[in-house]
Amino acid sequence: MKSPRRTSRLVYSLALASLLLGDNLDAQPRQREQITAVASIGDAVMEEVDLALPDELSPGYLFWHQADELATDVVNYAMLLDVDGKIVHRWDTDLNGGGHTSYLLNSGGLLRTGIRDRRYVAGQPVAATDTLQITDRTGKAIWEVSAEEIDFNGHRITFHHDMAPMPNGNILVLIYEEISPKEAAAAGWKAGKGETVWSDGVLEIEPDLEKKSFEIVWYWRFIDHLIQDQDANAATYGVIAEHPEKIDGNFPESYAPMNAVRQHLNSLDYHPVLDQVVVSSFIYNEIWVIDHSTTTAQAAGSAGGRRGMGGDLLFRYGNPAAYGRGSEKDRLFQNQHDANWIAEGLPGAGNILVFNNNTGVGGITRAGTGRAAAAAIQEQLKGISNVHEIRPTVDDGGYVLGKTGTFEAKQIWFWKNDDFFAPFQGGARRLPNGNTLLTDTVGRRVWEVAPDGDVVIRYKGPAPAFKAFKYSADRVAELLE
């Protein structure tokens with residue numbers, strides 16, 4: 001790796017291991033249980049299109065990237081669909097692996113991730129990938145980096161779950177960093193008896209498309225920002241409730257057997273004006289905001305950057321029990337995904353949308369068998385997911401702690417429907433007319449809903465999608481030729 005330029009309470013069953021550790025792959029690639037074939041331009045791939053309120057539909061084209069986190073390794077490709085569900089453009093692929101999305105770039109190409117060498121991701125936690133690509137309009141890679149190429153302070157990494165293209169052309173991507181139990185213990189993190197511990201992080205990569213090279217220019221590591229009250233000899237020892245900016249490395253009280261995957265970040269988004277990053281932690285049932293204006297050295301500590309807090313958490317929301325300032329009754333989120341800032345120019349700009357799966361512990365445990373059996377179990381789970389649009393309370397640009405000692409936010413919009421439940425993954429994205437595009441990954445459904453909550457259109461797709469997007473005709477005009 002080149003030198004940076006800028007310096008619980010819930011006990012899960014053993015069945016959860018295959019959910020969080022992926023397929024526990026050995027060195028031999030396993031046979032795929034199912035492959036969803038790549039369709040052609042003009043094909044109608046949607047199983048169902050139900051346009052209930054045509055006058056309220058946000059015009060545009062649906063962007064659908066096939067993904068399947070647990071059951072199968074579907075072809076890792078994306079497609080652009082018209083309102084009837086017919087393919088108007090597709091991006092071919094030479095990668096496989098599910099559990100991810102891709103992002104449409106201004107060039108008409110994609111930013112995507114996937115698996116090229118299954119041996120490299122063997123034994124990694126769920127949704128691990130080894131390859132990050134930028135493609136042209138056809139899906140052919142014009143730039144690529146392998147996680148195996150990256151020496152991350154002497155540690156091996158894999159990419160996972162999510163990434164974000166930045167306005168300057170750089171890429172933010174979630175990573176798993178392999179550290180030793182000794183390193184975890186030194187930070188006061190009781191990470192089980194395994195030989196490897198996975199610490200989540202955020203990596204910023206500057207791609208050079210001409211030279212086909214890359215540079216790591218910034219990163220943030222989970223393990224650098226711990227607080228714990230179980231090992232008095234560790235430097236991270238302290239009173240958790242007195243440090244809401246730190247992360248309790250031993251929360252929840254038991255996450256057996258997967259203490260080695262303690263945080264499980266599952267989404268990432270970047271706000272260019274604030275120069276901040278928001279991530280979602282599946283295990284903590286929280287979203288976290290991190291200052292990106294720091295140097296890499298400052299991001300590892302508690303000072304520096306625009307807010308003067310280094311890489312410590314600027315804001316956290318969803319489960320105050322995670323920092324000793326609440327209980328289960330105060331929890332808002334449960335296994336949420338796709339925390340994202342609403343972009344400038346859209347209704348609600350600057351607010352944060354959170355897709356709250358609201359999946360109970362029992363459901364997660366039952367789905368822990370992995371592969372096709374897990375997919376079948378997922379489809380049988382019952383519940384009601386919901387979507388929260390929140391506006392964090394700020395004062396002089398800083399996030400406010402209320403009288404109870406918890407971070408404050410105003411709920412701007414809330415949505416749920418008794419017939420909408422996404423037990424795993426899923427997303428929520430604001431559209432120009434104020435509608436919101438919702439993705440149910442397991443159900444292979446995308447719904448567009450109006451501000452009053454009414455369902456405008458329902459799609460039943462050909463394969464699971466982590467999160468779907470919609471683009472105007474002007475935005476994708478060159479792809480329609």
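Strands are DSSP runs of E with at least two residues, numbered from the N terminus. This is a predicted model, in which local features need pLDDT of at least 70, side-chain atom pairs count only at pLDDT 80 or more, and totals for chains, interfaces and linings use all residues. Residues are numbered from 1 along each chain as its sequence is written, and side-chain values use heavy atoms, with hydrogens and water left out.

**Stop one: Pro392.** Select strand β22, residues 386–392, and find Pro392 in it. Pro392 is buried, at 12% relative accessible area (buried means under 20%, with a 1.4 Å probe and protein chains only). Pro392 and Phe315 are 77 residues apart in sequence, but 8.3 Å apart in space, C-alpha to C-alpha. Beyond residues up to four places away in sequence, Pro392 touches Phe315, Ile352, Tyr399, Glu408 and Ala409 (contact means heavy atoms within 4.5 Å).

**Stop two: Gln263.** Go to the loop between β15 (247–248) and β16 (265–271), where Gln263 is found. Gln263 is buried, with a relative accessible area of 0%. Select Asp200 next. Its backbone nitrogen lies 2.2 Å from a polar atom of the Gln263 side chain. Other contacts of Gln263 include Trp189, Phe222 and Trp288.

**Stop three: the largest pocket.** Select Leu104, Pro165, Ala343, Tyr471 and Arg475, which lie nearest the centre of the largest pocket among its 42 lining residues. Then show β16, which gives the largest share of the lining, four residues. By class, the lining has 26 nonpolar, 10 polar and six charged residues. Asp, Glu, Lys and Arg count as charged; Ala, Val, Leu, Ile, Met, Phe, Trp, Tyr, Cys and Pro as nonpolar; the others, Gly among them, as polar. A pocket is an open set of points on a 1 Å grid over the protein atoms alone, where a 1.4 Å probe fits, with protein on both sides within 12 Å along at least five of seven lines; lining residues have an atom within 4 Å of a point.

Technical notes: Buried < 20%, exposed > 50% of the residue type's maximum accessible area, 1.4 Å probe, protein only. Polar contact = N/O pair within 3.5 Å; in protein donor to acceptor, adjacent residues only side chain to side chain.
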